[in-house]
Every structure is written in C-alpha cells, then in structure tokens.
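Open your viewer and keep the selection panel handy. This short tour tells you what to pick next and what to look for once you get there.

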Amino acid sequence: MTVGAPAADTPLTMEDADAAAAADPNAPKPVSCRERSAKLNRTSHCYRNAFPIELTNDATGKVEGRARIHVHVKVKLDPRNRYKWQHSVTLKITDPWGPMALAIQGNVGLRCRACTSSRQWPQPLPPKISKTFTMTVSSPHDVTIEDNMLTFVALTAPNASNVPSHSVGPELNVRCDNTPYVSPQPKGGCVYKDFKPTYFVSRSHSVYGPVAKHITEAQRRLNQAWGLQGRGPALQVTRDGTLNDLNRRAACGRSPAASCDEYPFASTYQGAHRNKDFSTKTIPLTPNTNEGNYRQRWYNRNRLLESDAFWVQPTR
C-alpha cells in the first residue's frame with residue numbers, strides 16, 4: 001500500500017515565480033495536496049490517497065466487509081526546534097459494505113530510526129466521518145541526524161482476521177541538527193534535506209532590485225544559467241569563510257567588496273575561485289550589503305548546511 005510521491009523539484013515557470021513573489025516570496029509556506037498526490041517543501045509535507053480494504057471473518061474465512069479508507073497526512077517540521085514538530089494523519093471510511101465495515105477502528109504510527117512520537121490510541125471510524133490523529137515528534141539528540149520516516153495506518157474490526165499495518169505515502173528523509181552557525185540556541189531544528197529550496201529576489205524590489213537585475217543578466221549571459229531551475233545547475237552553499245573570501249577576491253580583486261556584486265554568490269561552491277564562468281557588476285553599496293544579509297538569514301531559515309543545494313529565481 002506504499003505509494004511514492006511526485007518529484008519534489010518540479011521546475012518553476014516565470015508565472016509561478018511571479019505569483020509567489022506577490023506576497024513574501026521567501027516566507028515558509030505549508031504545502032497542500034489533492035487526492036492521490038503528495039507534495040514536499042523544505043519544512044512541510046502532505047500526502048492524500050484512498051485504498052480499498054477487505055475484512056475477513058476469522059471464524060468462517062469469508063469476506064464480510066469492504067470499504068475504502070481515505071488517508072491525509074500533513075507534516076510541519078520546525079526549523080528552529082528539533083524537539084517538537086507536528087505530524088497528523090486524518091482517516092475516513094467511505095463506501096462501506098457488510099457489518100464489519102461499520103465497526104472499523106483505526107490507528108496510526110510513525111517508523112523512524114532516531115525519533116520519538118507521542119503514542120496514539122485506536123479510534124472508531126464511522127463511515128463518512130473524518131478522524132484526525134496528531135503526533136508530536138521529536139529528534140532528541142544534539143548532533144546532526146538523518147532519519148528516514150514512514151507513516152503507518154492500522155485497521156481492525158470485531159471478529160476480523162488480523163489486518164497488518166500498512167505504510168502510506170513516501171519514505172522521507174528528515175535531517176535534524178544543532179549546527180552553531182545556523183542555530184545558536186540548544187533547540188536546533190529539522191528540514192527535509194533532499195528538497196532544494198528556491199531563493200526569490202525581485203528586480204523591482206526597492207532595496208534588492210539591482211542585485212536581482214544582475215542575477216538575471218548573469219543567468220542569461222553566462223555559459224551556464226547557474227541556479228536557474230530547469231535551465232542550469234543548482235548552487236551549493238559553503239559556510240567556509242576562507243572560501244567565501246577567495247571567491248570574492250577571484251571575482252572582484254581588491255575592489256570594495258560591498259560595491260562589487262558577484263554571481264554565482266561568493267557563499268557557494270560555484271563562486272569565482274573554482275568556477276571561471278562568473279559575472280561581476282558594480283552596484284550601490286546599500287542594496288548589495290542588505291541583500292547579502294537577507295540571503296544569509298534565508299540560508300539559516302532553510303537550515304542550508306555545507307554543500308546543500310538551492311535554486312535562485314529572479315522575478316519582476
């Protein structure tokens with residue numbers, strides 16, 4: 001009963017990017033999904049599907065109940081607290097046939113290697129009535145942990161043969177860490193590390209506009225459209241201060257770093273020290289400095305650790 005998710009890194013169109021930029025384009029937003037689909041971003045996941053179930057009388061061996069079970073999983077990781085995030089599963093029975101289908105009970109669980117979750121208790125599932133199970137999940141460690149997690153659903157009915165629990169949705173890789181430069185406080189945080197987030201920056205922004213215009217020019221003019229999803233390679237963050245300085249010096253020489261804007265960013269492995277396919281442009285001091293500070297906060301918000309990949313999408 002395991003069903004995989006669609007690919008997480010579906011290319012964005014310019015229309016998608018501009019719509020996202022209408023509000024706060026870089027604010028974390030929970031994903032939502034329709035029936036028979038799954039979605040994922042850096043901090044949230046959803047999954048919806050429905051399955052036929054069949055209940056057999058333990059004494060007679062005959063099928064005495066059929067129905068469909070609808071499953072809706074919603075997860076919201078906390079990038080600022082690895083000790084408490086929410087994992088909810090909603091179950092609903094439809095199309096019941098036979099007396100056993102009217103007396104189904106359901107329960108849910110989470111399988112992981114290094115996490116704990118609050119225990120759930122079975123609940124009756126009357127037809128057409130949704131029941132939600134909410135688990136509080138924790139990764140009780142102070143080191144970086146990568147954990148594969150699977151959601152399980154278990155169904156029972158009086159006198160029915162044992163119904164084994166089934167995994168629902170994809171197995172997801174959650175990374176929790178207490179890296180000091182991302183999270184100085186002891187609580188750390190968690191993300192879906194395999195999802196590459198997109199950094200949006202608007203050409204019409206009152207402060208960051210000159211940087212966004214330079215990125216647009218560079219992605220169009222360079223041999224590679226660095227960071228542009230669907231067109232070029234993703235960028236990878238480096239937190240190595242020495243490499244950051246080498247990237248800036250290779251791109252800008254000894255000119256004032258705050259007025260020389262380089263792309264790909266000096267804070268990436270694709271910077272000018274290792275990559276000769278780069279662009280520089282002199283822009284005003286204020287937008288260059290402020291955009292760099294804003295992007296560092298965005299790195300932290302998404303818990304981008306060493307070598308983590310991301311996309312860069314200029315918008316109008």
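Salt bridges come first, and here the term means a side-chain nitrogen of Lys or Arg within 4 Å of a carboxyl oxygen of Asp or Glu. This is a predicted model, in which local features need pLDDT of at least 70 and side-chain atom pairs count only at pLDDT 80 or more, while totals for chains, interfaces and linings use all residues. Residues are numbered from 1 along each chain as its sequence is written, and side-chain values use heavy atoms, with hydrogens and water left out.

**Stop 1: salt bridges**

Select Lys281 and Glu217: they form a salt bridge whose closest N and O atoms are 3.1 Å apart. This pair links distant parts of the chain, with Lys281 in strand β15 (residues 279-282) and Glu217 in helix α2 (residues 209-221), 64 residues apart. Helices (H or I, at least four residues) and strands (E, at least two) are DSSP runs, numbered from the N terminus. Lys281 is partly exposed at 31% relative accessibility, and Glu217 is partly exposed at 34%. On this scale buried is under 20% relative accessible area, exposed is over 50%, and partly exposed lies in between (1.4 Å probe, protein chains only).

Now pick Arg303 and Asp177, whose side chains meet in a salt bridge at 2.9 Å, N to O. Arg303 sits in the loop between α4 (285-301) and β16 (309-315) and Asp177 in strand β10 (residues 166-177), so the pair ties together parts that are 126 residues apart in sequence. Both Arg303 and Asp177 are buried.

For a local case, select Arg295 and Glu291, which form a salt bridge at 2.9 Å, N to O. They are four residues apart in helix α4, and about one helical turn separates them. Arg295 and Glu291 are both buried. Next, show Arg42, Arg175 and Asp308 together: a network of salt bridges links them. The count of salt bridges comes to nine.

**Stop 2: nonpolar cores**

A nonpolar core is a set of buried Ala, Val, Leu, Ile, Met, Phe, Trp, Tyr and Cys residues joined through side-chain atoms within 4.5 Å. Which residues have the most contacts inside the largest nonpolar core? Select Ile69, Val71, Trp85, Val89, Leu91 and Val153; the core has 38 residues. Strand β3 (residues 63-76) gives the most to this core, with five residues.

Centre on Trp85 and show its contacts (heavy atoms within 4.5 Å). Leaving aside residues up to four places away in sequence, Trp85 touches several residues, among them Val75, Leu77, Met135, Val137, Met149, Cys176 and Cys190. A second, separate core of 20 residues includes Ile215, Ala218, Tyr263 and Val312.

**Stop 3: strands and sheets**

Pick strand β12 (residues 198-202), where five of five residues are buried. Thr198, Phe200 and Ser202 point one way from β12, and Tyr199 and Val201 point the other way. β12 pairs with β16 in the parallel sense over five bridges; strands pair if DSSP finds at least two bridges between them. Ser202 stands opposite Thr315 in β16.

Finally, colour the open sheet of six strands in the order β1-β2-β3-β4-β8-β6, with antiparallel pairing. β1 (37-40) and β6 (116-117) stand at the edges with a single partner strand each, so one side of each is left without a neighbour in the sheet. Within this sheet, 13 bridges join strand β2 (residues 44-56) to β3. End at Ser44, whose bridge partner in β3 is Lys76.
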